[in-house]
Amino acid sequence: MGQLEGKSAVILGAASSGNMGQVIARLFASEGAKVMVAGRKEEPLAQIAGEIGGTYALCDITSHEQVHAMADKARGEYGRVDAAINCVGWGLLSNLLETSQQDLDAITDLQFKGTHHFLQAFVKVMSEQAPTGGSIIALSSATTKALINNHAAYIGTKRAGEAMVECVANDFGHLGIRANSVSPAFTESPMTAGAFQTPGLVDAFMPKYPLGRLNTSDDVAQACLWLCGDHAFVTGQNIQPNGGLTLRGNPQATDIEAAVGAAMAKMQE
(Lines give C-alpha, C1' and ligand atoms only; values in the text may rest on other atoms or scores of the structure.)
Protein backbone atom coordinates (compact mmCIF):
# COMPACT_ATOMS: atom_id res chain seq x y z
CA MET A 1 0.00 0.00 0.00
CA GLY A 2 1.29 3.44 -0.93
CA GLN A 3 1.99 6.16 1.58
CA LEU A 4 -0.91 8.26 0.24
CA GLU A 5 -3.41 5.48 -0.41
CA GLY A 6 -6.95 6.85 -0.20
CA LYS A 7 -5.82 10.47 -0.10
CA SER A 8 -6.40 13.25 -2.61
CA ALA A 9 -4.00 15.99 -3.65
CA VAL A 10 -4.01 19.19 -5.70
CA ILE A 11 -0.76 20.35 -7.28
CA LEU A 12 -0.76 23.82 -8.80
CA GLY A 13 2.07 24.66 -11.18
CA ALA A 14 2.22 21.39 -13.12
CA ALA A 15 1.63 22.71 -16.62
CA SER A 16 5.15 22.36 -18.03
CA SER A 17 6.52 19.01 -19.14
CA GLY A 18 8.91 17.57 -16.56
CA ASN A 19 8.71 20.49 -14.14
CA MET A 20 8.78 20.10 -10.37
CA GLY A 21 5.00 20.08 -10.10
CA GLN A 22 4.78 17.17 -12.52
CA VAL A 23 7.49 15.25 -10.69
CA ILE A 24 5.53 15.65 -7.44
CA ALA A 25 2.29 14.66 -9.16
CA ARG A 26 3.79 11.45 -10.52
CA LEU A 27 5.24 10.49 -7.15
CA PHE A 28 1.99 11.18 -5.31
CA ALA A 29 0.00 9.15 -7.82
CA SER A 30 2.48 6.26 -7.53
CA GLU A 31 1.92 6.33 -3.77
CA GLY A 32 -1.82 5.91 -4.18
CA ALA A 33 -3.15 9.47 -4.17
CA LYS A 34 -5.88 10.78 -6.43
CA VAL A 35 -4.21 13.81 -7.97
CA MET A 36 -5.55 16.96 -9.58
CA VAL A 37 -2.89 18.88 -11.50
CA ALA A 38 -3.47 22.54 -12.24
CA GLY A 39 -1.94 25.43 -14.11
CA ARG A 40 -2.45 27.69 -17.11
CA LYS A 41 -1.78 25.32 -20.05
CA GLU A 42 -4.43 22.75 -20.86
CA GLU A 43 -2.50 20.41 -23.17
CA PRO A 44 0.32 19.41 -20.77
CA LEU A 45 -2.15 19.23 -17.87
CA ALA A 46 -4.44 16.90 -19.78
CA GLN A 47 -1.48 14.77 -20.79
CA ILE A 48 -0.09 14.24 -17.30
CA ALA A 49 -3.55 13.79 -15.80
CA GLY A 50 -4.10 10.98 -18.28
CA GLU A 51 -0.75 9.42 -17.48
CA ILE A 52 -1.36 9.30 -13.74
CA GLY A 53 -5.09 8.60 -13.82
CA GLY A 54 -5.90 11.98 -12.33
CA THR A 55 -7.83 15.09 -13.25
CA TYR A 56 -6.83 18.64 -14.09
CA ALA A 57 -8.02 22.21 -13.70
CA LEU A 58 -7.06 25.36 -15.52
CA CYS A 59 -5.96 27.94 -12.99
CA ASP A 60 -3.97 31.17 -12.96
CA ILE A 61 -2.73 31.67 -9.40
CA THR A 62 -2.95 35.45 -9.77
CA SER A 63 -6.76 35.12 -10.03
CA HIS A 64 -8.57 34.86 -6.70
CA GLU A 65 -11.65 33.49 -8.43
CA GLN A 66 -9.77 30.80 -10.38
CA VAL A 67 -7.84 29.57 -7.35
CA HIS A 68 -10.98 29.23 -5.25
CA ALA A 69 -12.80 27.57 -8.14
CA MET A 70 -9.95 25.05 -8.43
CA ALA A 71 -10.15 24.20 -4.73
CA ASP A 72 -13.92 23.82 -4.92
CA LYS A 73 -13.60 21.62 -8.00
CA ALA A 74 -11.17 19.31 -6.21
CA ARG A 75 -13.45 19.00 -3.21
CA GLY A 76 -16.41 18.31 -5.50
CA GLU A 77 -14.56 15.58 -7.41
CA TYR A 78 -12.78 13.91 -4.51
CA GLY A 79 -15.03 14.69 -1.56
CA ARG A 80 -12.12 16.19 0.37
CA VAL A 81 -8.60 17.54 -0.23
CA ASP A 82 -5.86 15.97 1.89
CA ALA A 83 -2.90 17.75 0.33
CA ALA A 84 -2.47 20.99 -1.60
CA ILE A 85 0.89 22.05 -3.02
CA ASN A 86 1.71 25.38 -4.67
CA CYS A 87 4.67 24.94 -7.03
CA VAL A 88 4.26 28.25 -8.87
CA GLY A 89 7.24 30.57 -9.07
CA TRP A 90 9.20 32.93 -11.27
CA GLY A 91 12.97 33.18 -10.82
CA LEU A 92 13.21 36.87 -11.56
CA LEU A 93 16.90 37.79 -11.90
CA SER A 94 17.02 41.55 -11.56
CA ASN A 95 19.14 44.13 -9.79
CA LEU A 96 17.10 46.11 -7.25
CA LEU A 97 17.88 49.39 -8.99
CA GLU A 98 16.86 48.03 -12.38
CA THR A 99 13.65 46.19 -11.45
CA SER A 100 10.74 47.69 -13.35
CA GLN A 101 7.39 48.43 -11.78
CA GLN A 102 5.86 46.01 -14.26
CA ASP A 103 8.08 43.16 -13.09
CA LEU A 104 7.56 44.08 -9.44
CA ASP A 105 3.80 44.00 -9.88
CA ALA A 106 3.98 40.69 -11.75
CA ILE A 107 6.09 38.89 -9.16
CA THR A 108 3.99 40.30 -6.32
CA ASP A 109 0.83 39.05 -7.99
CA LEU A 110 2.39 35.63 -8.54
CA GLN A 111 4.36 34.93 -5.38
CA PHE A 112 2.68 37.08 -2.72
CA LYS A 113 -0.93 37.61 -3.64
CA GLY A 114 -1.09 34.28 -5.47
CA THR A 115 0.24 32.43 -2.45
CA HIS A 116 -2.34 34.20 -0.30
CA HIS A 117 -5.11 33.12 -2.70
CA PHE A 118 -3.87 29.52 -2.54
CA LEU A 119 -3.63 29.39 1.23
CA GLN A 120 -7.00 31.03 1.67
CA ALA A 121 -8.75 28.67 -0.74
CA PHE A 122 -7.40 25.48 0.80
CA VAL A 123 -7.72 26.58 4.40
CA LYS A 124 -11.37 27.17 3.60
CA VAL A 125 -11.78 23.68 2.11
CA MET A 126 -9.75 21.91 4.80
CA SER A 127 -11.50 23.74 7.63
CA GLU A 128 -14.64 21.87 6.66
CA GLN A 129 -12.70 18.60 7.11
CA ALA A 130 -11.85 19.25 10.78
CA PRO A 131 -10.45 17.68 12.84
CA THR A 132 -8.49 15.80 10.14
CA GLY A 133 -7.74 18.94 8.12
CA GLY A 134 -4.98 18.34 5.61
CA SER A 135 -1.48 19.36 4.55
CA ILE A 136 -0.71 22.57 2.65
CA ILE A 137 2.72 23.16 1.14
CA ALA A 138 4.13 26.24 -0.58
CA LEU A 139 7.36 25.75 -2.50
CA SER A 140 9.77 28.48 -1.47
CA SER A 141 13.49 28.81 -2.17
CA ALA A 142 16.78 28.22 -0.40
CA THR A 143 17.65 31.78 -1.36
CA THR A 144 15.49 33.10 1.49
CA LYS A 145 18.11 31.62 3.86
CA ALA A 146 21.16 31.60 1.57
CA LEU A 147 21.07 34.95 -0.19
CA ILE A 148 22.15 35.38 -3.76
CA ASN A 149 22.72 38.61 -5.66
CA ASN A 150 20.12 40.33 -7.84
CA HIS A 151 17.07 38.48 -6.53
CA ALA A 152 15.57 41.02 -4.11
CA ALA A 153 12.00 40.92 -5.48
CA TYR A 154 12.11 37.13 -5.82
CA ILE A 155 13.53 36.53 -2.36
CA GLY A 156 11.26 39.11 -0.76
CA THR A 157 8.07 37.59 -2.11
CA LYS A 158 9.19 34.02 -1.39
CA ARG A 159 10.07 34.95 2.18
CA ALA A 160 6.67 36.59 2.54
CA GLY A 161 5.11 33.32 1.42
CA GLU A 162 6.98 31.49 4.17
CA ALA A 163 5.62 33.97 6.71
CA MET A 164 2.05 33.43 5.50
CA VAL A 165 2.52 29.67 5.80
CA GLU A 166 3.62 30.14 9.41
CA CYS A 167 0.50 32.21 10.09
CA VAL A 168 -1.73 29.49 8.63
CA ALA A 169 -0.01 26.88 10.80
CA ASN A 170 -0.50 29.01 13.90
CA ASP A 171 -4.09 30.06 13.22
CA PHE A 172 -5.59 26.84 11.87
CA GLY A 173 -3.68 24.01 13.48
CA HIS A 174 -6.59 23.33 15.82
CA LEU A 175 -8.54 22.19 12.76
CA GLY A 176 -5.90 19.62 11.86
CA ILE A 177 -4.41 21.77 9.10
CA ARG A 178 -0.65 21.50 8.71
CA ALA A 179 1.13 24.16 6.67
CA ASN A 180 4.79 24.11 5.69
CA SER A 181 7.13 25.49 3.05
CA VAL A 182 9.72 23.48 1.14
CA SER A 183 12.84 25.12 -0.27
CA PRO A 184 14.66 23.72 -3.29
CA ALA A 185 18.02 25.19 -4.20
CA PHE A 186 19.52 25.39 -7.70
CA THR A 187 17.55 22.60 -9.38
CA GLU A 188 17.70 21.38 -12.95
CA SER A 189 14.25 21.83 -14.47
CA PRO A 190 12.61 23.32 -17.58
CA MET A 191 12.75 26.73 -15.88
CA THR A 192 16.53 26.55 -15.33
CA ALA A 193 17.52 24.73 -18.51
CA GLY A 194 19.33 27.76 -19.91
CA ALA A 195 21.32 28.31 -16.74
CA PHE A 196 22.46 24.70 -16.61
CA GLN A 197 23.84 25.03 -20.14
CA THR A 198 26.02 27.99 -19.15
CA PRO A 199 29.63 26.75 -18.95
CA GLY A 200 31.01 26.93 -15.42
CA LEU A 201 27.80 27.97 -13.70
CA VAL A 202 27.16 24.65 -11.96
CA ASP A 203 30.83 24.61 -10.92
CA ALA A 204 30.23 27.76 -8.88
CA PHE A 205 27.44 26.08 -6.92
CA MET A 206 28.81 22.58 -6.32
CA PRO A 207 31.27 23.41 -3.47
CA LYS A 208 28.38 24.90 -1.50
CA TYR A 209 26.63 21.54 -0.99
CA PRO A 210 27.99 19.44 1.90
CA LEU A 211 26.33 16.30 0.50
CA GLY A 212 28.23 16.73 -2.75
CA ARG A 213 25.53 17.29 -5.34
CA LEU A 214 22.71 19.63 -6.27
CA ASN A 215 19.23 18.66 -5.18
CA THR A 216 16.89 17.17 -7.78
CA SER A 217 13.18 17.64 -8.28
CA ASP A 218 12.73 14.13 -6.90
CA ASP A 219 14.45 15.17 -3.65
CA VAL A 220 11.89 17.93 -3.31
CA ALA A 221 9.01 15.62 -4.19
CA GLN A 222 10.10 13.15 -1.51
CA ALA A 223 10.08 15.93 1.10
CA CYS A 224 6.56 16.88 0.05
CA LEU A 225 5.48 13.24 0.22
CA TRP A 226 6.68 12.98 3.80
CA LEU A 227 4.91 16.19 4.81
CA CYS A 228 1.65 14.96 3.30
CA GLY A 229 1.81 11.50 4.84
CA ASP A 230 0.49 10.38 8.19
CA HIS A 231 3.81 10.43 10.04
CA ALA A 232 4.89 14.07 9.76
CA PHE A 233 3.93 15.76 13.03
CA VAL A 234 5.22 19.01 11.54
CA THR A 235 3.68 22.40 10.88
CA GLY A 236 4.85 25.97 10.37
CA GLN A 237 8.30 24.85 9.25
CA ASN A 238 10.56 25.58 6.32
CA ILE A 239 12.01 22.29 5.06
CA GLN A 240 15.33 22.39 3.16
CA PRO A 241 15.79 19.26 0.99
CA ASN A 242 18.85 20.72 -0.69
CA GLY A 243 21.85 18.86 0.63
CA GLY A 244 22.92 21.37 3.26
CA LEU A 245 23.30 24.46 1.07
CA THR A 246 22.19 26.80 3.85
CA LEU A 247 25.21 25.77 5.93
CA ARG A 248 27.57 27.34 3.41
CA GLY A 249 25.41 29.79 1.49
CA ASN A 250 24.96 30.37 -2.22
CA PRO A 251 27.83 31.61 -4.38
CA GLN A 252 27.80 35.33 -4.94
CA ALA A 253 27.99 37.21 -8.23
CA THR A 254 31.78 37.44 -8.14
CA ASP A 255 32.08 33.68 -7.54
CA ILE A 256 29.76 32.93 -10.44
CA GLU A 257 31.56 35.34 -12.77
CA ALA A 258 34.92 33.75 -11.91
CA ALA A 259 33.65 30.19 -12.48
CA VAL A 260 31.97 31.05 -15.78
CA GLY A 261 35.00 33.03 -16.91
CA ALA A 262 37.34 30.15 -16.13
CA ALA A 263 35.15 27.69 -18.02
CA MET A 264 34.93 29.97 -21.05
CA ALA A 265 38.70 30.49 -21.06
CA LYS A 266 39.29 26.75 -20.91
CA MET A 267 36.95 26.23 -23.85
CA GLN A 268 38.96 28.73 -25.89
CA GLU A 269 42.33 27.09 -25.22
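**Loop α4–β5**

I located proline 131 in the loop between α4 (101–127) and β5 (134–139); helices (H or I, at least four residues) and strands (E, at least two) are DSSP runs numbered from the N terminus. I then read the peptide bond from alanine 130 to proline 131, which is cis, with omega near 10°.

I note that this is a predicted model, in which local features need pLDDT of at least 70 and side-chain atom pairs count only at pLDDT 80 or more, whereas totals for chains, interfaces and linings use all residues. Residues are numbered from 1 along each chain as its sequence is written, and side-chain values use heavy atoms, with hydrogens and water left out.

**Loop β5–α5**

I looked up asparagine 150, which lies in the loop between β5 and α5 (152–172). Its phi is positive, about 60°, although asparagine 150 is not a glycine. Most residues other than glycine have a negative phi, and most peptide bonds are trans. Asparagine 150 counts as partly exposed because its relative accessibility is 34% (buried means under 20% relative accessible area, exposed over 50%, partly exposed in between, with a 1.4 Å probe and protein chains only).

**Helix α1**

I checked the burial of α1 and found eight of its eleven residues buried, so the helix is largely enclosed by the rest of the structure. The buried residues are Met20, Gly21, Gln22, Ile24, Ala25, Leu27, Phe28 and Ala29. They pack against β1 (8–12), β2 (34–39), α2 (42–52), β4 (83–86), β5 and α8, contact meaning heavy atoms within 4.5 Å. After α1 comes glycine 32, with a positive phi near 100°.

**α1 against α8**

I next examined how α1 (residues 20–30) meets α8 (residues 217–228): their axes come within 9 Å and cross at roughly 50°. Axes are lines fitted to C-alpha atoms, for helices over the stretch in contact, and angles run from 0 to 180 degrees between N-to-C directions. The angle makes α1 oblique to α8 (under 35 degrees is roughly parallel, over 145 roughly antiparallel, 65 to 115 roughly perpendicular, the rest oblique).

From α1, Met20, Val23, Ile24, Leu27 and Phe28 make the contact; the α8 side includes Ser217, Asp218, Val220 and Ala221.

**Alanine 221**

I ended with alanine 221, which is in helix α8 and counts as buried because its relative accessibility is 0%. Leaving aside residues up to four places away in sequence, alanine 221 touches Val23, Ile24, Leu27 and Phe28. I also recorded 16 Å between the C-alpha atoms of alanine 221 and lysine 34, which are 187 residues apart along the chain.
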